[in-house]
2 protein chains.
Amino acid sequence: VTGSKGRPAGVQAARQRVAPGGTQEGLRRHNLGTLLAHLHLAGPLSRAELTARMGLNRSTIAGLVSELAALDAVREERPAGVQASAGRPSLVVQPRSDTVQAVAADVGVRQVTVALAGLGGDVVTRRQRQVTEPTPEAVAELLASLVRTLLSDPAAGRHIVGAGVSIPGIVRQRDGCVRFAPNLGWTDAPFGELVQRRLEGMRVHVGNDADLGALAEYRRGAARGVDNVVFISCEVGVGGGLILDGRSLRGAGGYAGELGHMTVRPGGRPCRCGARGCWETEVGAAAIAQALGMPDASMDDLVAAVRSAPGGRGSALAEIAGWVGVGVANVVNLVNPQLVILGGLLEDVFVAAETSVRASLSAAALSAPAEQLRLQVPELGADTVLAGAAELAWEDLLADPAGVLRRPGHRVSDPPRT
Amino acid sequence: VTGSKGRPAGVQAARQRVAPGGTQEGLRRHNLGTLLAHLHLAGPLSRAELTARMGLNRSTIAGLVSELAALDAVREERPAGVQASAGRPSLVVQPRSDTVQAVAADVGVRQVTVALAGLGGDVVTRRQRQVTEPTPEAVAELLASLVRTLLSDPAAGRHIVGAGVSIPGIVRQRDGCVRFAPNLGWTDAPFGELVQRRLEGMRVHVGNDADLGALAEYRRGAARGVDNVVFISCEVGVGGGLILDGRSLRGAGGYAGELGHMTVRPGGRPCRCGARGCWETEVGAAAIAQALGMPDASMDDLVAAVRSAPGGRGSALAEIAGWVGVGVANVVNLVNPQLVILGGLLEDVFVAAETSVRASLSAAALSAPAEQLRLQVPELGADTVLAGAAELAWEDLLADPAGVLRRPGHRVSDPPRT
């Protein structure tokens, strides 16, 4: 089987696709990062537990722990809650949330929330401010000033490994350009650069809110240990994040997961994206508000109305729920997930009209993938997206702990710009 | 950010998701497999080229090449076409298609094709036979007897590393059970076991035809070097295979890629899967035949008719093409591929009515992912699926060359059962 060109098929491919060879140094880096990831996700573990989980011998584990301790990333101590009198309990290796921290930011339509999260996941300190001027420049400045405030907090750590920023829109992975964020009114806004310029020395990563919600539920919420997960969010519009084979799906440019814009009803209602009959036009906030006869309701009123509305057969919510099932079935047939998490307004629709969601889902989904599917609501609550932004910021560290922690310039010490 | 249960969040997750630590032995295995994969995909390479591609030093490469040579997997020789008189040309490392081979099988509705493919991808020998009795048992026996015939061919190699089998249906990855293959009339047929029982000592992997088509185009065809690819096949029904971030998407059970069963027209025509308004009912063979006014045509006649039909605006094909665009847009919005390959009848529709495909695609797709998209037809032709089945069979070898080649019992020497 060879290609049609003169050169043997696969030459170009092999260059790009086949992994490079591994080196001793790469192995060490991988093991340091893996050990730290275990601690970051599981919390304190004894060396014996680490040895078992990593499948390495005790002396290798000891060497890795020493190196991470020298980098201020871990500390060995007596487990919390164990009495000093109980003999000599073995020490546990603890991820240091006091020294190693990441910036997490959630840009919403009405407010910006910024937090310092410690290694291990706990939020150390946080700030929230209303958005008064929703331009990319003003929001970037607001975000950066909140970060500066947090970094002057006594609880701020010595090593700030980077910043993860969530945006309710389609984000180009390469540079954090916001291609389209209808609720913010942004198109092609170079938001990543605007923030990066204000936080010199800090690595800034920008992601889509639903992608980060998926990541958070996968690492710390309803999808722990589940390797094929679809997270569906619904605030004004409908967004999605996919974890496939244990990795965040980003696609060619970082735009993957826009399941709100699957066409499910050709020639249907116009969508904010310019197309017609998108799934969002049948199950988004506007469709729900219209179905409940309250087209001008605030989001809070709408949530309350969905929660108290009847969801039985023939109800307005049941019809919405039927469309929810159609869209979920499309995703199930396409990617065969074990778990679909329905968030935001769709969580409320699901709780109120679960029978209708399931009925239309099983009518439209193939039985083989459908029988593997669980439907669930998010576990992390209001902080899901913020937690996901933190996980985005941790990725560099967990890929190369020593490289990141030895890098200078994580501390933003510039005076605020005016 | 911690979970709601008593134990810290992520404990279970960390067990399953965080990679184990790497060992010296694992590193060696990875490097052996990577080097062999370079040769398998690119063909003969000099040690200097391997050194550059792998990013390892010359002595490490020399050691890996020696080990693979001792395993009969490679041989060093003068490059083909270089005159002996041209000084002393440096040797190239050649993958040995004469000793190391895989079985590839393509089960169709009308015939079974079986081939021996050599390391590097060339087909060494092949056989095809008509299916007279389309039960799972009879097809498994037919397939196994063809394999036995091939293995008694003088060109058969010493090491047969496994078998890859393509099925036009939904296949459970774990055990090769065919959950649903409407064209074969099979439901829950334990085909993998039926074949495995007849080919003792050989590792048998069964896959879906569109998934394997995607794999073949990715490794050796139109999608070389492209890491996010959707391959869409259309014979009777419409199937799909997805390569995402450089890996075949299988999903929870191996069922991913059933894009023919996305609902695109709720309440539309009934589909063979039991649902209504699936994409397949709008763009599959039956829909095309109906649109062209030849509902009882054979597949060959249908292909000829599509190729000669007018595809301009307002034509019957243009309407089909419009639905093609809608379905492709859904996939584009969901997974943001660089490349969608339209195969089978959809290749002919695309060639005849490209303008209509593109118009409806750009109406329904978001502009950010759409601008990254290329549409293309397959490059490998009639043998695509067979080539993909071979690639499936090679996976074990490329993950652990020494482990597979030192394993006994690859040669099927049992007498045929009657």
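Hi everyone, thanks for coming. Please keep in mind throughout that we are looking at a prediction.

Let's begin with helices in chain A. Helix α5 covers residues 136-151, which is 16 residues. From its first C-alpha to its last, α5 of chain A reaches 22 Å, close to the 22 Å expected at 1.5 Å a residue. How many of its 16 residues are buried? The count is 13, so α5 of chain A is largely enclosed by the rest of the structure.

Next, a pair of helices. Two packed helices are described by the angle between their axes and the distance between the axes. In chain A, take α12, residues 345-352, and α13, residues 354-364. Their axes come within 5 Å and cross at roughly 95 degrees. Since an angle of 65 to 115 degrees counts as roughly perpendicular, that is the description that α12 of chain A gets relative to α13 of chain A. Which residues make the contact? On the α12 side of chain A they are A:Val349, A:Phe350, A:Val351 and A:Ala352, and α13 of chain A brings A:Glu354, A:Val357 and A:Arg358. By type, the residues of this contact are 5 nonpolar and 2 charged, with no polar ones.

Staying in chain A, have a look at A:Val326, which sits in helix α11, residues 316-335. A:Val326 has a relative accessible area of 12%, and is therefore buried. What does A:Val326 touch, if we leave aside its neighbours within four places in sequence? Its contacts are A:Val264, A:Ser360 and, from chain B, B:Thr263.

Over to chain B, and another valine. B:Val114 belongs to strand β5, residues 111-118. Is B:Val114 buried or exposed? It is buried, at a relative accessible area of 0%. Not counting residues up to four places away in sequence, B:Val114 touches a list of residues that includes B:Val103, B:Ala104, B:Ala105, B:Leu143, B:Leu146 and B:Leu150. Arginines are on that list too, among them B:Arg126 and B:Arg127. For a sense of distance, the C-alpha atoms of B:Val114 and B:Gly284 are separated by 27 Å, and the residues are 170 apart along the chain.

Now for the cysteines. Searching the whole structure gives 0 disulfides over all chains. A:Cys234 is in no disulfide, and the nearest cysteine sulfur, from A:Cys271, is 12 Å away. With 0% relative accessibility, A:Cys234 counts as buried. B:Cys273 is in no disulfide either, and its nearest cysteine sulfur, that of B:Cys278, is 3.7 Å away. The cut-off here is sulfur atoms within 2.5 Å. B:Cys273 counts as partly exposed, because its relative accessibility is 24%.

Last stop, backbone angles. Most residues other than glycine have a negative phi. Where do we find positive values in residues other than glycine? One is A:Asp188, with a phi of about 50 degrees. A:Asp188 lies in strand β10 of chain A, residues 186-189, and counts as partly exposed at 41% relative accessibility. Another is B:Asp72, where phi is near 70 degrees. B:Asp72 is in the loop between α4 (58-70) and β2 (74-77) of chain B.

That's my tour, and I'm happy to take questions.

Definitions and conventions: Residues are numbered from 1 along each chain as its sequence is written. Chains are lettered from A and ligands numbered from 1 in the order in which they are written. This is a predicted model: local features need pLDDT of at least 70, side-chain atom pairs count only at pLDDT 80 or more; totals for chains, interfaces and linings use all residues. Side-chain values use heavy atoms; hydrogens and water are left out. Axes are lines fitted to C-alpha atoms, for helices over the stretch in contact, and angles run from 0 to 180 degrees between N-to-C directions. Helices (H or I, at least four residues) and strands (E, at least two) are DSSP runs, numbered from the N terminus. Angles under 35 degrees count as roughly parallel, over 145 as roughly antiparallel, 65 to 115 as roughly perpendicular and the rest as oblique. Contact means heavy atoms within 4.5 Å. Ala, Val, Leu, Ile, Met, Phe, Trp, Tyr, Cys and Pro count as nonpolar, Asp, Glu, Lys and Arg as charged, and the others, Gly among them, as polar. Buried means under 20% relative accessible area, exposed over 50%, partly exposed in between (1.4 Å probe, protein chains only). The expected span of a helix is 1.5 Å times one less than its number of residues.
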